Amino acid sequence: MYDFIKFIDILNNKPDSFYDAFNLIKNDFHIGKVVIKSTDSFEYLEYNFDKNYINSPVISYSNGGYDYIIYKNSDSHKYNEEEIKDITLLIRVVAVHHKNYLLNKKATEGEFVSFNTKLPNTHGYIKKIEELVKHVDATNYNSYFINLKGFGLVNKLYSNEIGDKAIVYYANKLKEFKEDDEVIGHLGGDNFVAFIKKHRHDDFVKLASNVSVNLQINNTKASLTLVGVIGFTEIGDTTPNYREILTNSSIACQYARATKKLIVKLTQELYEMVISIKNIENTFKDELQRGNFLVYYQPKFDIETGKVVGVEALSRWINNGKIVPPGLFVPVLEKNGEIIDLDLFVLEKLCSDIHNYRNQGHKIVPASCNLSRRDFEHKDLEQKVIEIIRKYNVRTNDIVIEVTETTNLEENERLAKFINTMWENGIMTSIDDFGTGYSSLSVLRDFKVNEIKIDRSFINREVLTESDEIIIGSIIDMAKRLNIGVICEGVETKMQAEFLVKLGCYKAQGFYYSKPVPKEEFEAMLQRIGTVYD
Ligand code: C2E
Ligand code: MG
Ligand code: MG
């Protein structure tokens, strides 16, 4: 009697051990060969037990797009009814296990490989590195984390399809570069990782930081430069934990983004800074009270006259004597809901500065500060903002509140209410990072905003193409027709400033003119350069 229980056990323990299972019963059932194949014949498994098998199936069973076929061996045995029944049962058991095996295989492939690029995802990447370092000296390697600069805009300007294709193109460039003893991964979205030999660092950075791609889908043509912002860690002598190293490289990348650099190496100092940034959740209130948050000022310019026409207040955190940029701590405060305290603090500081400045008889330019999306969760936000502005007797045309576009409908309604309340109270608002949010154009139509601030990703590119011109130009035209002011942020070159003037935008903010500076420096600048309000 054949061992049915053992047969099932074998398959249960290892779902693809069909050979072992059939091997166990091949004598009992006079089996010569077993074939499992997909009906489209792309997949084919064959287990041979007798090379002289009889080439007419004893039994063939079809299920779920697969055929399961058993052939008899060359001995003279004739099957009885009972045996045929048993073989039928066995083959059904095999079919069930085979199906599970396929599902499992699919799931693990999905688990380890990124869908569109077919590159390893986080798990797969770490696994591959762990496998690799069994055979190579890990200290010869760097670990990289790459995020594509302003990539969100590609989907927005063109289509998701173009975005996906661009990602695959970039992935393929990295694949081409990769040698056998290196690993590349795609963590999804526009985030890539790489484990590359140190001596190839320069070449790798050169490639990953700048990939040009020309795409066409139907009638949409796109010429893009994919700029990779890179954070990296050198693998040291201490036994590395590759998951931690991945996190560290991502920290370096995050830091690069927040400080607007293209490449940053993780140092001990940076690592410590990041740890204390994470800890800001616990220390924020104390830090604010101790005066460790400062307000920097970045002037806004009239492109044609070169005079100062406005200024933006931007927060800075002084942590252990180091200036931490808001890109690193604002997201943490937004997460834990404390951002409103910072925003009202900056508003108050700004109002107090304006008040003093006016009292001293100085000329003044409209000054703005930022509110976070999260602030709109507070029902009394409007009231608090108005209270602070009144407390310092700030004239309404001296102050502007910058808000960002929302990402969903509900937020949008809340934002509309805020903007309209400010309007009713004569307080100016500006839509920051315009063009990156949920409903850019309807914002212009439906909200009573005074100004839009075109996001830097529209202008901050190496080449500005004709389609950039059309897009930026139509935003500017539309705003003008609706009597809404326009400024462009992130202007870094003379060429970009001239490009804006050509399209009818005469106000700019950006490193080409000035970085955000401490208050005294801004005041000196204002005296030196003057304003159009003189
Ligand atoms: P934002 O409001 O869009 O501010 C402009 C940011 O662009 C500033 O970064 C500024 O330094 C940077 N920037 C200015 N000119 C250029 C340029 O030519 N090129 C490039 N690449 N960047 C330029 P910063 O100060 O690091 O602030 C980053 C963001 O953090 C701000 O973006 C704002 O969204 C947020 N933020 C800053 N302070 C506060 C605050 O007090 N409250 C809230 N809620 N958010 C704040
Ligand atoms: Mg702003
Ligand atoms: Mg902005």
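How many nonpolar, polar and charged residues are in the lining of the largest cavity? The lining has 10 nonpolar, no polar and three charged residues. In this count Ala, Val, Leu, Ile, Met, Phe, Trp, Tyr, Cys and Pro are nonpolar, Asp, Glu, Lys and Arg are charged, and the others, Gly among them, are polar.

This is a predicted model: local features need pLDDT of at least 70 and side-chain atom pairs count only at pLDDT 80 or more, while totals for chains, interfaces and linings use all residues. Residues are numbered from 1 along each chain as its sequence is written, chains are lettered from A and ligands numbered from 1 in the order in which they are written, and side-chain values use heavy atoms, with hydrogens and water left out.

Stay with the cavity. The structure holds one cavity of 30 Å³ or more. The volume of the largest cavity is about 170 Å³. It is lined by 13 residues, and Y297, V311, I354, Y357 and F522 are the closest to its centre. Two elements, α12 and α19 (519-529), each give two or more residues to this lining. Helices (H or I, at least four residues) and strands (E, at least two) are DSSP runs, numbered from the N terminus. A cavity is found on a 1 Å grid over the protein atoms alone, as a set of points where a 1.4 Å probe fits but cannot get out. A pocket is an open set with protein on both sides within 12 Å along at least five of seven lines, and lining residues have an atom within 4 Å of a point. Grid points are joined across faces, edges and corners, and a volume is the space filled by probe spheres set on the points.

Now the second largest pocket. It holds about 300 Å³ of space. Its lining counts 16 residues, with T233, E234, T238, I245 and N248 nearest its centre. β10, α8 (242-258) and α9 (268-278) are the elements that give two or more residues to the lining. The largest share, three residues, comes from α8. By class, this lining has five nonpolar, eight polar and three charged residues.

E234 leads on to the charged pairs. Side chains of opposite charge can pair when their charged atoms come close. A salt bridge here is a side-chain nitrogen of Lys or Arg within 4 Å of a carboxyl oxygen of Asp or Glu. E234 forms one with K265, and the closest N and O atoms are 3.6 Å apart. This pair links distant parts of the chain: K265 sits in strand β11 (residues 263-265) and E234 in strand β10 (residues 228-234), 31 residues apart. K265 is partly exposed because its relative accessibility is 38%. E234 is also partly exposed, at 39%.

The structure holds 27 salt bridges. Another joins K391 and E348, at 2.6 Å from N to O. Here too distant parts of the chain are linked: K391 lies in helix α13 (residues 381-391) and E348 in helix α12 (residues 339-359), 43 residues apart. K391 is exposed at 56%, whereas E348 is partly exposed at 25%.

Helix α12 also holds a local pair. K349 and D353 meet in a salt bridge of 3.4 Å, N to O. They are four residues apart, about one turn of the helix. K349 is partly exposed at 32%. D353 is buried at 10%. Elsewhere, E179, D181, E182, K197 and R200 form a network of salt bridges.

R316 has no such partner. It lies in strand β13 (residues 308-319). R316 is buried yet has no salt bridge, and the nearest side chain of opposite charge, E312, is 8.7 Å away. Lys and Arg count as positive and Asp and Glu as negative; His and the chain ends are not counted. Beyond four places in sequence, R316 touches N292, F293, L294, Y296, I323, V324, P326, F329 and P516. Contact means heavy atoms within 4.5 Å.

L464 lies between α16 (456-459) and α17 (466-481). Leaving aside neighbours within four places in sequence, L464 is in contact with F458, I459, M495, Q496 and F499. K118, in the loop between α3 (81-112) and α4 (122-132), has a positive phi near 60 degrees. K118 is exposed at 56%. N393, in the loop between α13 and β16 (399-404), has a positive phi near 55 degrees. N393 is exposed, at 64%.

Key
Buried means under 20% relative accessible area, exposed over 50%, partly exposed in between (1.4 Å probe, protein chains only).
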